[in-house]
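Have a look at the chain below, then read on for a quick tour of how it is put together.

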Amino acid sequence: RRSESRRPVTVKNSILAVVCARQTGSRLPNKVMSTIGSMPVIGHILLRLEQSDAIRKTVLAIPEGKGQDMLKMFAVEWQTPVILGPEHDVVARFDIAVRKHYQPGDYILRVLSDQPFVDWEVIDNMAAIVQSRKWDFALPLSFSEDPVYGGGNSPWSFRTWNAIAQNSRNDEREHPGMWLRRNLGKWNYGLVDLPHWMYRPYRLELDTQKDLEMFRMIQAAWNEERPPLLRWIVQFLDRHPNIAAMNADIHEKTGTYTSFTQQEIQEWHRDYAEREIVWSETGMLGTMQTQEMRRRFACEKCGGALMALTVTSKNDLLTRCARCGEKRTFYSERP
């Protein structure tokens, strides 16, 4: 179902953001305190969250016990509230932060500590879309290709978080949101057609030394005081394929399409077909949705929704119609 043309307006101070972080890790120990430029990774995350209009408060949720002293000290310096909880039961740790700092009307945003380029503009736009439609959350309009890491971040309604906290089991306790993905049909949510540039095949997740070295080069190229937007970072990597290739051989251990069975993924796609779609232009989310734009992002054969399928080696976006299966390519602007 296509949505009506509406411009979402960010509701200020409406989100409680929870960053789950720890100093332990197998591939890159203490990565959250690794420096990019003059600041540790966790500092970049907190600074970027401060740019958001929608975020009311950010809380750092870290494990109990020894080994987290540097992280605690940094949070104190940054004047960020800290809560302690189980290291491997991330849902429980997250829930402690929510119960302590939630205010009526808040949406809940999960922020990952391996996203030093988490984008406040994306957060604000997704929050505006979710709130204006009174959805519980939003998902990227995509078949199998994840947007640039963090590019599809959506806040959850408080009732959604309650269900996650109460019903998550086994591997779902380590990865908040897995239970939700396995129970999509129960929720009032919609799909957002993200801009084309968000589907670049760049790895912006911090897990290895290669990732860290690439991120340091990106930061070194940025010479302004305010942190760079995600779009600038993508454009920079478009212009410097040698830098983008630095960590191309690294693969994440878990992700939207690596942590679930093919049957589960197929069930999502069947559920997607009944959901409202918010269209974007190739640039910003939340722009006025004209008839011309809706035609541009519809299947030329049957008018169905075009969902992101994959990105080619030239950064062109291959899509497939959710209704008839017709494929269409959107060609990338060459740097």
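## The chain as a whole

Keep in mind that this is a predicted model. The chain runs to 335 residues, and 57% of them count as buried. Its secondary structure comes to twelve helices and twelve strands. Take the contacts between residues at least 6 apart in sequence: 71% of these join residues at least 24 apart.

In soluble globular proteins, nonpolar side chains tend to be buried together. Here the largest nonpolar core has 62 residues, and the members that touch the most others are I42, L204, I218 and L237.

Which residues of helix 2 are buried? In this helix, which spans residues 69-77, they are L71, F74 and A75. These three sit on the same side of helix 2, because they cover an arc of only 100° around the axis. An α-helix has 3.6 residues a turn, so residues three or four places apart point the same way. On the other side of helix 2 you find M73, V76 and E77, which are exposed.

The cover over the buried residues of helix 2 includes helix 1 (41-50) along with strand 3 (39-40), strand 4 (55-63) and strand 5 (82-85). Not counting residues up to four places away in sequence, G43 touches F74 and W78. G43 and V32 are eleven residues apart in sequence, and their C-alpha atoms are 8.5 Å apart in space.

## Rings and the charges over them

How many aromatic pairs are there? The count comes to eleven. One of them joins W179 and W187, with ring centres 6.3 Å apart and planes at 80°, which makes the pair edge-to-face. W179 and W187 are both buried. Elsewhere, ring pairs tie F94, W156 and W161 into a cluster.

Two arginines also turn up over tryptophan rings.

A disulfide is a covalent bond between the sulfur atoms of two cysteines. In this model the count comes to zero disulfides. For C302, the nearest cysteine sulfur belongs to C321 and is 3.5 Å away. That pair is not counted because the sulfur atoms would have to be within 2.5 Å. C302 is partly exposed, at 28% relative accessible area.

C324 is in no disulfide either, and the nearest cysteine sulfur to it is that of C302, 3.6 Å away. C324 is partly exposed too, with a relative accessible area of 35%.

Most residues other than glycine have a negative phi, and most peptide bonds are trans. Where does K134 sit? Its place is in the loop between helix 4 (120-133) and strand 7 (137-140). K134 counts as exposed, at 65% relative accessibility.

N170 is another case, a residue other than glycine whose phi is positive and near 55°. The loop that holds N170 lies between helix 5 (158-167) and helix 6 (171-174). Is N170 buried or exposed? N170 is exposed, with a relative accessible area of 70%. Back at helix 2, Q79 comes just after the helix and takes a positive phi of about 60°.

Methods
Residues are numbered from 1 along each chain as its sequence is written. Side-chain values use heavy atoms; hydrogens and water are left out. Rings of Phe, Tyr and Trp (its six-membered ring) pair if their centres lie within 6.5 Å; planes under 30 degrees apart count as stacked, over 60 as edge-to-face and the rest as tilted. Buried means under 20% relative accessible area, exposed over 50%, partly exposed in between (1.4 Å probe, protein chains only). A charge sits over a ring if NZ of Lys or CZ of Arg is within 6 Å of the ring centre and within 35 degrees of the ring normal. A nonpolar core is a set of buried Ala, Val, Leu, Ile, Met, Phe, Trp, Tyr and Cys residues joined through side-chain atoms within 4.5 Å. Helices (H or I, at least four residues) and strands (E, at least two) are DSSP runs, numbered from the N terminus. The arc is that of the directions from the helix axis to the C-beta atoms. Contact means heavy atoms within 4.5 Å.
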